[in-house]
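Could you walk me through this structure in my viewer? I would like to know what to select next and what I will find there.

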Amino acid sequence: MNRRSALAAFGAGLALTLAACGGGGAGSSSGDSTGSSGDTSDITVGVAMPTQTSERWIADGNNVKAGLEKAGYKVDLQYANDDIPTQSQQIDQMITKGDKLLIVAAIDGTALSSQLSSAAAAGIKVISYDRLIRGSADVDFYVSFDNYKVGQQQGTSLLTGLGLLNPDGSKGTATGPFNVELFAGSLDDNNAQFFWDGAIDAIQPFIDSGQVVVKSGQTKIDQAATLRWQQEVAQKRMEDLLTSAYNDGSKVDGVLSPYDGISRGIITALQNAGYGTGAQKIPVITGQDAEIASVKLINDGVQYSTIFKDTRKLAEQVVTASTAILEGQEPEANDTETYDNGVKVVPSYLLESEPVTKENVTSALVDTGYYTQAEVDAGKAGS
Ligand code: BGC
């Protein structure tokens, strides 16, 4: 893996201890590197997460909290119900209370500039977690996945499900034309554009050749977007698409979906319209996050694929970066070019994601301990 070190200095403590973070990668145990620097128990890290309506953010919050506590820090973990003013207030309070570092997964990536400049004025560093905070010079580090690649994996998986590509990437035997509809995430989330760009870059050649037809004609991200990534919003749009573009007896063959919750909304709309019963096959539908309800749908042959992003590794990585920053070091970056937030390029540590279909649910999700077989069978965590 390409691990370039970021050279931007974070301040005086930089030079002495750079070597200590040299080996810290996705699989490293961040808890091990702390003990040497003395008492950390009076240091609180503020962790601002967007919502508890999606499993992944609950897992992220729990994993980050546990990792930081293991490293000896106190943690102030807050969820904001996908409400922008709530998240702004939570971050204001973290600053007032004297938290020493902020880890923020933003709801609206452009709405936190004033909070971040107060943090900077108080000497508090900020790590953008999974979603890049835009329009601010006061974002010190970014941990995420390779979000363009996630999109590419979604687009490629749609094409593989349709048979236009083989799993090894070679040309498949199907020729189409296939009717496909496109969904995007929430436009205030910087990731949504990356997922979309990656997916469209994979699909566009097939649109150009006529093998993929977006029958609704809605091929622009702002037409395809889903505010706050909400399942109900996606369901409604799919219902509208069925009524407006498929009222001539034609059928949907595939749907690009950027997130499992959105996929479930799409599936509900399609099932209500008779897809998945009798001869009417459910289309090829993608997703993201390997949410347990969707993993069951994949096992049951209802949803075609998801993209697994191991949030345990992301949490480990943010703990590694946090520890470095709190010890006055520079966190290790493996990308210093991609994530320009409009004001600066934010040094980043990006992790790899993995497409999951029925074929590799067990090896990707059960063998790695992410879920138990019982959870996968029940479609419910804690089963
Ligand atoms: C995350 C995805 C998630 C989506 C909706 C994005 O920022 O990267 O993993 O599916 O938000 O919560």
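Start by selecting Tyr142, Phe194 and Tyr339: ring pairs link these residues into a cluster. Keep in mind that you are looking at a predicted model. In total, the count comes to six aromatic pairs.

Next, select phenylalanine 195 and tryptophan 229. Their rings form an edge-to-face aromatic pair, with 6.1 Å from centre to centre and 65° between the planes. Phenylalanine 195 sits in helix α5 (residues 190-208), while tryptophan 229 is in the loop between α6 (221-224) and α7 (231-245), so the pair ties together parts that are 34 residues apart in sequence. Are these two residues buried or exposed? Both phenylalanine 195 and tryptophan 229 are buried.

Now move to tyrosine 370 and tyrosine 371. This aromatic pair is edge-to-face too, at 5.1 Å centre to centre and 70° between the planes.

Then zoom out and show the protein chain as a cartoon. You can look for 12 helices and 12 strands. Along its principal axes, the C-alpha trace spans about 70 × 40 × 35 Å. A compact globule of 383 residues would have a radius of gyration near 21 Å, and the chain's value of 21 Å agrees with that.

The protein chain exposes about 15,200 Å², and carbon and sulfur atoms supply 51% of it. Buried residues make up 55% of the 383 residues.

Conventions:
Residues numbered from 1 in each chain as written. Predicted model: local features only at pLDDT ≥ 70, side-chain atom pairs only at ≥ 80, totals over all residues. Heavy atoms only, no water. Helix = DSSP H or I, 4+ residues; strand = E, 2+ residues; numbered from the N terminus. Rg over C-alpha atoms; globule rule 2.2 N^0.38 Å. Buried < 20%, exposed > 50% of the residue type's maximum accessible area, 1.4 Å probe, protein only. Areas by Shrake-Rupley, 256 points an atom, 1.4 Å probe, with all protein chains shown as cover. Phe/Tyr/Trp six-rings, centres within 6.5 Å; stacked < 30°, edge-to-face > 60°.
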